[in-house]
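Hi,

Here is the structure I promised to pass on. Have a look at it first, and then read my notes below.

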There are 2 protein chains.
Amino acid sequence: VTVHLVGAGPGDPGLITARGLELVRGCDVLIHDALVSPELVAEAPDDALVISRERLRQEAIDELLVAYGRAGLDVVRLKGGDPFVFGRGGEEAQALAEAGVSFTVTPGVSSIAAVPASALIPITHRGVSDRVTIASARGADGEEPDYASLVDGRGTIVLFMGLERLPVLAKGLVAAGLDPSTPASVVSNGTLPEQETVTGRIDEIAELSADLATPALVVVGDVVEVGARLRDAAMAREVPAVP
Amino acid sequence: VTVHLVGAGPGDPGLITARGLELVRGCDVLIHDALVSPELVAEAPDDALVISRERLRQEAIDELLVAYGRAGLDVVRLKGGDPFVFGRGGEEAQALAEAGVSFTVTPGVSSIAAVPASALIPITHRGVSDRVTIASARGADGEEPDYASLVDGRGTIVLFMGLERLPVLAKGLVAAGLDPSTPASVVSNGTLPEQETVTGRIDEIAELSADLATPALVVVGDVVEVGARLRDAAMAREVPAVP
């Protein structure tokens, strides 16, 4: 009996890990993120207690995990993506460790590579990019991200949850010295059937993607063109390129 | 009939995705990286053709994928980690697209977060790090990485496959301005039973980890201390913290 912090993957229910699925199927309590696929939630046993974290503050979730863990139940905390990548899984682990409740961490497929991959964009590519910087659309403590160091970092930039703030983010990157013709893609609902991808120059991408739905992830850099060429080649041959 | 580029995950066979496992179980041909777990290779059907990529050049693999794909066989190309994160999956996809062979991409759990997580290190943590830069131990074209921009990038630095070059890498980071007391961890054989983690200051970490086995991943930044505290708290309560 323990609390399992489990990554559900980027959206497509087939992208949970084999171990994660096994843990969900055997749990007493399932506490899941709102964005986790309903198909995965439905994998919990019929008599399991299922709780959506929607409308719960982080502190309330921590308390639930500790309380059910102490009660000797097998608890799965099913989180979108990977628990330890912009997922606040570290905070949940801390709360459990401090309360003396045993826990495990089962990594998941993070959106950072899987969502670009669902648009056939490799975040690294030989001769094109050997470095990736992953940042949230807000800097620490809700401030603006440090654009200068993002631009200086070269390689691919992946911005988490950046759609609403994209006009500001794109302007900030260009003002910090990013070439305005740098290619960017916004991938909305990545890995899901309703996925949409919009591609353009960084100084035009906010306008082009204004109507896309969230969640969305923004990829900036020359790998975007590798992805566009791959999609074109696949489409030209009517090749269904993504499962 | 198509070629599936599939991520096997970071080492632990339980960390392949549900879809990836299904594809392996149904394939005609399995071409796998040497580092992929033998348990996963054994999941291929008894009559499947199983080929280790060991000793094959990238061009030879591309040719095999195209040839078996054209022959109308279901081919799984099982790659360590994620195919599109330092995995040359983009090149294989290009070869297939150019040859007119249909393909799919099934992302995997990348080592970049899962290996640190297996030492309870979250690569992002609220109030500690909201940015991650992932770099290979060599820069583009085999040169030294650009240390200055790595250090300026702040946040967490994850160095792929960095163990052999760690003395040079650590010196390069400090010479570029990284505080010599910055904490670093080397995680060897992450997610596997033989996993070992060594933690210390960046200016001491190469010496401390000289005896570790490859593959190993290097994490640099204050999240290393979050992980160390989590491991201590878990050990103090004899909590088995990782599955």
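**Helix α1 of chain A**

The buried residues of α1(A) are covered by elements that include β1 (3-7), β2 (29-32), α2 (38-41), β4 (75-79) and β5 of chain A, along with α1 of chain B. Those buried residues, in a helix spanning residues 18-25, are A:Arg19, A:Gly20, A:Leu21, A:Leu23 and A:Val24. Buried here means under 20% relative accessible area, exposed means over 50%, and partly exposed is in between (1.4 Å probe, protein chains only). Helices (H or I, at least four residues) and strands (E, at least two) are DSSP runs, numbered from the N terminus.

Please keep in mind that this is a predicted model: local features need pLDDT of at least 70, side-chain atom pairs count only at pLDDT 80 or more, and totals for chains, interfaces and linings use all residues. Residues are numbered from 1 along each chain as its sequence is written, chains are lettered from A and ligands numbered from 1 in the order in which they are written, and side-chain values use heavy atoms, leaving out hydrogens and water.

**A:Glu92**

In helix α4 of chain A (residues 89-99) you will find A:Glu92, which is buried with a relative accessible area of 0%. Its side chain makes polar contacts with the side chains of A:Gln58 (2.9 Å) and A:Arg77 (3.2 Å). A polar contact is a pair of N or O atoms within 3.5 Å; within protein, one must be able to donate a hydrogen and the other to accept it, and residues adjacent in sequence count only if both atoms are side-chain atoms. Not counting residues up to four places away in sequence, A:Glu92 also touches others, including A:Leu5, A:Ile61 and A:Lys79; contact means heavy atoms within 4.5 Å.

**Helix α5 of chain B**

How many of the eight residues of α5(B) are buried? Eight of the eight in this helix (residues 111-118) are, so α5(B) is largely enclosed by the rest of the structure. They pack against β5 (103-106) and α5 (111-118) of chain A, and against β6 (131-136), β7 (156-160), β8 (183-188) and β10 (216-220) of chain B. After α5(B) comes B:Leu120, with a positive phi near 60°.

**B:Gly26**

B:Gly26 sits in the loop between α1 (18-25) and β2 (29-32) of chain B and is partly exposed, at a relative accessible area of 46%. Leaving aside neighbours within four places in sequence, B:Gly26 is in contact with B:Pro45 and B:Asp74.

Best wishes
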